Amino acid sequence: MHDPVGQTLFRTAVPTTIGAVAVILYYLADTFFVSQLGTDELAALGFTFPATILITYFGVGLGIGTSALVARAIGSNNLEKAREMTFASMMMGFLIGVALIIPAIASIDLVFPLLGAAPERLVLIEQFMSIWYLGMPFQLMQFSGTAAIRASGNAKLHGKLMTMGAIINAVLDPMFIFGFGPIPAMGIGGAAMATVIAWIYTIVVICYALCVKEKLLSFRMPPMSSLLATWKDLLKISLPASLANMITPISTGVITATLATYGPKAVAA
């Protein structure tokens with residue numbers, strides 16, 4: 001029995017769109033609360049967007065590849081293969097994120113001055129990005145995991161998970177930025193800390209959903225030859241998808257560098 005195409009598209013597209021909007025809500029919440037710290041902090045956050053969007057869109061590409069391969073395996077009634085692909089994708093996201101941490105942090109003093117960041121804002125940028133970069137493995141795993149859930153046909157769960165993560169980030173933002181009880185005020189770095197914690201929470205729930213509800217994740221290591229073959233298949237789809245999206249962070253970087261010539265208030269705006 002097959003559902004009508006229109007109903008299936010609606011049932012899949014709406015939750016997926018909500019999940020995409022939830023990703024944007026992370027940026028909106030950070031921007032709102034950081035703006036209350038002052039113009040310099042908001043300008044510093046503006047300089048970080050090209051870098052954070054670049055990593056985010058790589059995750060989107062990884063999710064596209066994961067969704068395509070897992071859906072194909074499920075459509076072929078090969079659930080074992082689907083489980084292997086889900087594990088391989090999440091592992092790839094984690095390993096790539098870990099591998100990028102040190103070079104990404106080391107490049108802060110090189111990349112952001114090219115965007116026009118002055119030394120006083122570079123200090124603020126480093127406070128944010130040195131924490132945000134530590135969360136890259138969890139962010140990329142999140143894209144892989146939600147893509148596998150979406151491939152199983154449970155788009156509603158994907159939307160709920162992403163929305164919950166965005167809400168947690170919005171709740172934690174003021175607590176870590178301005179301080180709350182035993183939590184010290186971290187300023188702009190608190191926004192990054194809230195985001196990373198939200199990602200970690202989302203990953204835990206994603207793993208539970210994939211293991212228990214969807215039966216699409218097993219933490220049993222597949223043979224290395226099978227793992228490498230899956231990674232190769234993932235990259236064939238994910239890299240072109242990621243590169244196609246790179247125009248957005250690149251253009252954002254050009255715009256940011258141009259605005260920086262008018263001063264921090266322009267970048268903040």
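**Cavity, pocket and selected residues**

Reader: How many nonpolar, polar and charged residues does the lining of the largest cavity have?

Author: This is a predicted model, in which local features need pLDDT of at least 70, side-chain atom pairs count only at pLDDT 80 or more, and totals for chains, interfaces and linings use all residues. Residues are numbered from 1 along each chain as its sequence is written, and side-chain values use heavy atoms, without hydrogens and water. Ala, Val, Leu, Ile, Met, Phe, Trp, Tyr, Cys and Pro count as nonpolar, Asp, Glu, Lys and Arg as charged, and the others, Gly among them, as polar. On that basis the lining of the largest cavity has 10 nonpolar, 6 polar and 1 charged residues.

Reader: What volume does the largest cavity have?

Author: On a 1 Å grid over the protein atoms alone, a cavity is a set of points where a 1.4 Å probe fits but cannot get out, a pocket is an open set with protein on both sides within 12 Å along at least five of seven lines, and lining residues have an atom within 4 Å of a point. Points are joined across faces, edges and corners, and a volume is the space filled by probe spheres set on them. The whole structure holds 1 cavity of 30 Å³ or more. The largest cavity has a volume of about 150 Å³.

Reader: Which residues lie closest to the centre of the largest cavity, and which element gives the most to its lining?

Author: Of the 17 lining residues, the closest to the centre are Tyr 26, Tyr 27, Trp 132, Thr 195 and Trp 199. Two or more residues come from each of helix H1 (5-35), H2, helix H5 (119-132), helix H6 (136-151) and H8, where helices are DSSP runs (H or I, at least four residues) numbered from the N terminus. With 5 residues, the element that gives the most is H2.

Reader: Which element gives the most to the lining of the largest pocket?

Author: The largest pocket holds about 470 Å³ of space. Its lining comprises 21 residues, with Ala 20, Val 23, Ile 24, Thr 56 and Tyr 57 nearest the centre; the elements that give two or more are H1, H2, H6 and helix H7 (155-178). By class, this lining has 12 nonpolar, 8 polar and 1 charged residues. With 8 residues, the element that gives the most is H1.

Reader: How are the rings of Phe 32 and Phe 33, and those of Trp 132 and Tyr 133, arranged?

Author: Rings of Phe, Tyr and Trp (its six-membered ring) pair if their centres lie within 6.5 Å, with planes under 30 degrees apart stacked, over 60 edge-to-face and the rest tilted. The count comes to 4 aromatic pairs. The rings of Phe 32 and Phe 33 have centres 5.0 Å apart and planes at 80°, so they are edge-to-face. For Trp 132 and Tyr 133, the centres are 6.1 Å apart and the planes are at 75°, so this pair too is edge-to-face.

Reader: Which residues beyond four places in sequence does Gly 135 touch?

Author: Gly 135 lies in the loop between H5 and H6 and is buried, with a relative accessible area of 0%. Counting heavy atoms within 4.5 Å as contact, Gly 135 touches Val 196 and Trp 199.

Reader: Which residues beyond four places in sequence is Thr 48 in contact with?

Author: Thr 48 has its place in helix H2. At 0% relative accessibility, Thr 48 is buried. Leaving aside its neighbours within four places, Thr 48 is in contact with Phe 112, Ile 125, Phe 128 and Met 129.

Reader: Is Asn 77 buried or exposed, and what is its relative accessible area?

Author: Most residues other than glycine have a negative phi. Asn 77, which is not a glycine, has a positive phi of about 60° and lies in the loop between helix H2 (39-75) and helix H3 (79-106). Asn 77 is exposed, with a relative accessible area of 70%.

Reader: What is the phi of Lys 215?

Author: Lys 215 is in the loop between helix H8 (188-213) and helix H9 (224-245). Lys 215 is partly exposed, with a relative accessible area of 49%. Its phi is positive, near 55°.

How values were computed:
Buried < 20%, exposed > 50% of the residue type's maximum accessible area, 1.4 Å probe, protein only.
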